[in-house]
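Please read these notes with the structure open beside you. They go point by point, from the whole chain down to single residues.

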Amino acid sequence: LASRNQISEDKVNGDDDDRLLIPVRNGTLDLSDVDYDPESMSIDPDSVEVLDIDPDRHMMYRIDTDWDPDNADLEGYDEWVSDMSHSDADVRLLNGWVGHPMHPGYPADGWLELLGTGGNGKGMFISLMKNVLGSENVSARTLENLNSRFGKVGGMPDNCANIATELSGSQNADMGVLKSMSAGEATLVESKNVDGDDIKNS
């Protein structure tokens with residue numbers, strides 16, 4: 001059935017729509033005209049338009065969280081992130097990486113590494129991202145997996161985020177595949193007994 005109803009790559013995830021659309025559990029957010037205050041690093045929730053879910057947008061993913069700013073503990077989140085961070089720049093960085101996986105494209109080429117001793121909030125931050133995105137949108141491939149022949153299979157290129165907590169051996173790992181995938185470039189993905197294809201993260 002899928003082979004008879006193929007969709008052009010430039011039409012998935014609303015790519016043929018000029019608006020910035022983020023699919024969430026209770027609709028699709030239109031952030032095209034959002035009001036952002038750079039001083040407080042916050043947006044006006046009332047400036048976010050919530051659209052009905054439309055299958056014609058061909059979204060390949062959907063964030064597993066409702067858009068519900070009236071019941072979100074935004075002050076508690078801001079206080080927690082500020083306590084965990086060392087500066088406003090760190091807060092901006094962490095907030096940016098919470099939003100990065102929700103974006104249908106690649107607003108930044110790169111990846112985030114959380115370093116430090118235990119009890120400094122790394123695990124809580126990772127849990128937050130996983131819970132917001134939803135388990136179906138997150139993979140956990142290590143650098144060793146990414147560099148192995150079949151390590152990228154299992155839906156990894158289609159996920160919103162790859163969150164790996166194991167960094168052992170990463171000092172000597174080849175970073176080429178990680179750099180390519182983090183920049184949205186095509187990467188060879190192979191399955192056993194199946195010819196490989198050059199695939200971009202969706």
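1. A word on the model and the overall layout. The model is predicted. The protein chain has five helices and nine strands. Read from the N terminus, the order of elements is β-β-β-β-β-α-α-α-β-α-β-α-β-β. Of the 202 residues in the protein chain, 31% are buried. If we take the contacts between residues at least 6 apart in sequence, 59% of them join residues at least 24 apart.

2. Helix H2, length. H2 covers residues 88–99, which is twelve residues. The expected span is 1.5 Å times one less than the number of residues.

3. Helix H2, sides. Which residues of H2 are buried? They are Val 91, Leu 94, Trp 97 and Val 98. Looking down the axis of H2, these buried residues fall within an arc of 135°, so they line one face of the helix. Asp 88 and Ala 89, on the other side of H2, are exposed. The cover over the buried residues of H2 includes H1 and helix H3 (122–133).

4. Helix H3, length. After H3 comes Gly 134, which has a positive phi, near 100°.

5. Helix H3, sides. The buried residues in H3 are Phe 125, Ile 126, Met 129, Val 132 and Leu 133. Around the axis they cover an arc of only 135°, which means that they sit on the same side of H3. The face turned away from this buried side carries the exposed residues Met 124 and Asn 131. What covers the buried residues of H3 includes H1 and H2, together with strand S6 (138–139) and strand S7 (161–162).

6. Ile 126 in more detail. Ile 126 belongs to helix H3. Why does Ile 126 count as buried? Its relative accessibility is 18%, and buried means under 20%. Setting aside neighbours within four places in sequence, Ile 126 is in contact with Leu 114, Ile 163 and Thr 165. Thr 165 is 39 residues from Ile 126 along the chain, yet their C-alpha atoms are separated by 8.8 Å.

7. The salt bridges. Side chains of opposite charge can pair when their charged atoms come close. How many salt bridges does the structure hold? There are two. In one, the side chains of Arg 25 and Asp 64 meet at 3.3 Å, N to O. This pair links distant parts of the chain: Arg 25 is in the loop between strand S1 (21–24) and strand S2 (27–30), while Asp 64 is in the loop between S5 and H1, 39 residues apart. In the other, Asp 66 and Arg 25 meet through their side chains at 3.2 Å, N to O. Here too distant parts of the chain are linked, since Asp 66 is in the loop between S5 and H1 and Arg 25 in the loop between S1 and S2, 41 residues apart.

8. Arg 25, Asp 64 and Asp 66 are linked in a network of salt bridges. Arg 25 has a relative accessibility of 43%, so it counts as partly exposed. Asp 64 is partly exposed as well, with a relative accessible area of 37%. Asp 66 counts as partly exposed at 37% relative accessibility.

9. Arg 57, a charged residue without a partner. Where does Arg 57 lie? Arg 57 is in the loop between strand S5 (49–51) and helix H1 (74–84). Arg 57 is buried yet has no salt bridge. The nearest side chain of opposite charge belongs to Asp 54, 4.6 Å away, and a salt bridge needs the nitrogen within 4 Å of a carboxyl oxygen. The side chain of Arg 57 does reach the backbone oxygen of Asp 52, at 3.0 Å.

Terms used
Residues are numbered from 1 along each chain as its sequence is written. This is a predicted model: local features need pLDDT of at least 70, side-chain atom pairs count only at pLDDT 80 or more; totals for chains, interfaces and linings use all residues. Side-chain values use heavy atoms; hydrogens and water are left out. Helices (H or I, at least four residues) and strands (E, at least two) are DSSP runs, numbered from the N terminus. Buried means under 20% relative accessible area, exposed over 50%, partly exposed in between (1.4 Å probe, protein chains only). Lys and Arg count as positive and Asp and Glu as negative; His and the chain ends are not counted. A polar contact is a pair of N or O atoms within 3.5 Å; within protein, one must be able to donate a hydrogen and the other to accept it, and residues adjacent in sequence count only if both atoms are side-chain atoms. The arc is that of the directions from the helix axis to the C-beta atoms. Contact means heavy atoms within 4.5 Å.
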